[in-house]
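User: I would like to go through this model and ask, for each label, what it rests on.
Analyst: Then let us set each value beside its definition and conclude from there.

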Amino acid sequence: MAQEILQEMSALLQKGKAKDVKRLAQEALDQGIDPKEILNEGLLSGMMIIGEKFKNNEVFVPEVLVAARAMSAGTKILEEKLMEAGVEPIGRVVIGTVKGDLHDIGKNLVIMMLKAAGFEVFDLGVDVDADTYIDKAEEVNADIIGMSSLLTTTMPAMKEVIDAMKARGVREKYIVMVGGAPVTQAYADQIGADIYSEDAATAAEKAKAAVLAK
Ligand code: B1M
């Protein structure tokens with residue numbers, strides 16, 4: 001019975017049916033299913049499938065965004081119960097698109113995959129300057145600072161953040177993760193970032209591996 005409702009939830013999430021996912025999440029809670037099981041088997045499992053399909057070009061941005069909305073709808077229903085159940089995040093990520101850059105679709109996909117992987121995520125939005133990243137990371141005791149850049153002209157802003165971290169003496173406190181269409185592993189190495197990934201699913205995998213290895 002529990003497996004049936006969770007499988008249905010996962011399938012509906014993959015189709016982006018937010019209202020149905022929300023309804024089933026409530027039904028599952030009402031049936032007494034553990035919120036952690038609902039999160040893992042009903043929501044995250046569906047999102048991971050979408051993430052893999054996106055990586056393999058089997059689905060595209062619109063499908064991922066509607067699935068993300070459906071996941072948020074389900075997660076909201078579970079949030080309170082999950083807090084009560086004491087589900088600890090695996091780590092905290094402060095993330096934003098760098099100064100001068102307004103592109104946020106890719107960043108939002110990365111956020112979704114990070115949440116799906118169990119991270120607590122603090123989204124700073126777009127056009128984020130160095131001090132804002134660092135101040136927030138200090139405030140929430142983050143593990144990772146994530147930066148997205150879509151323009152060749154804004155890529156240097158990533159290095160400015162790393163330089164500001166060094167100047168404030170906090171570079172070693174945080175794992176620095178970078179990405180965005182023009183960013184490459186070579187560029188990430190050049191500016192001294194810790195993690196580069198070319199897509200959202202890999203970003204979440206690498207982030208998880210990095211905090212677990214910490
Ligand atoms: Co812009 N734009 N844009 N744009 N735009 C590009 C990036 C461009 C390549 C288009 C082109 O000319 N072919 C070009 C950049 C050229 C360059 O620098 N080499 C460009 C330009 C020039 C501009 C403007 C300057 C145009 C103008 O005004 N003359 C302007 C700049 C505004 C600014 O930022 N200051 C501009 C504006 C815009 C819109 C506002 C219209 C809109 C953005 C809407 C929004 O984001 N809310 C827009 C869009 C949509 C694009 C394109 C078409 C699509 C970008 C996108 O969302 N891709 C883009 C062309 C293209 O890429 N084909 C383009 C889908 C997204 C899922 O992929 O963001 O790469 P992506 O994210 C991936 C990975 O990169 C990775 O994971 C994601 C998912 O797999 N990833 C990370 C991303 N961030 C990561 C962070 C990580 C890890 C992985 O760790 C922290």
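**Labels and their grounds**

Analyst: The only protein donor of the cobalt atom of the ligand is NE2 of H103, at 2.1 Å. This is a predicted model, in which local features need pLDDT of at least 70 and side-chain atom pairs count only at pLDDT 80 or more, while totals for chains, interfaces and linings use all residues. Residues are numbered from 1 along each chain as its sequence is written, and side-chain values use heavy atoms, with hydrogens and water left out.

User: What makes H103 a donor of the cobalt atom?
Analyst: Donors are N, O and S atoms within 2.8 Å of the metal (3.2 Å for Na, K and Ca), and water is not among the atoms, so sites may look incomplete. NE2 of H103 lies at 2.1 Å from the cobalt atom and therefore counts as a donor. H103 itself is found in the loop between β1 (91-97) and α5 (105-116), where helices (H or I, at least four residues) and strands (E, at least two) are DSSP runs numbered from the N terminus.

User: Why are β1 and β2 called paired?
Analyst: Two strands pair if DSSP finds at least two bridges between them. Five bridges join β1 to β2 (residues 119-123), so the pair meets that condition, and the two strands run parallel. With α5, the strands β1 and β2 make a right-handed β-α-β unit, a crossover being right-handed if, with the strands pointing away from the viewer, the path from the first strand over the helix to the second runs clockwise.

User: Which strands stand at the edges of the sheet, and why?
Analyst: The open sheet has five strands in the order β2-β1-β3-β4-β5, with parallel pairing. β2 and β5 (195-196) each have a single partner strand, so one side of each is left without a neighbour in the sheet. Elsewhere in the sheet, β3 and β4 run parallel and are joined by five bridges, and I144 has I175 in β4 as its bridge partner.

User: How do you know that the buried residues of α7 line one face?
Analyst: The buried residues of α7 (156-167) are A157, M158, V161, I162, A164 and M165, where buried means under 20% relative accessible area, exposed over 50% and partly exposed in between (1.4 Å probe, protein chains only). Seen down the axis, these residues fall within an arc of 160 degrees, so they line one face of the helix; the arc is that of the directions from the helix axis to the C-beta atoms. On the other side of α7, K166 and A167 are exposed. Among the elements covering the buried residues are α6 (130-140), β3 (144-148), β4 (175-179) and α8 (185-191).

User: What span is expected of α2, and what does the helix reach?
Analyst: The expected span is 1.5 Å times one less than the number of residues. Helix α2 (residues 18-30) has 13 residues and reaches 18 Å from its first C-alpha to its last, close to the 18 Å expected.

Definitions and conventions. Contact = heavy atoms within 4.5 Å.
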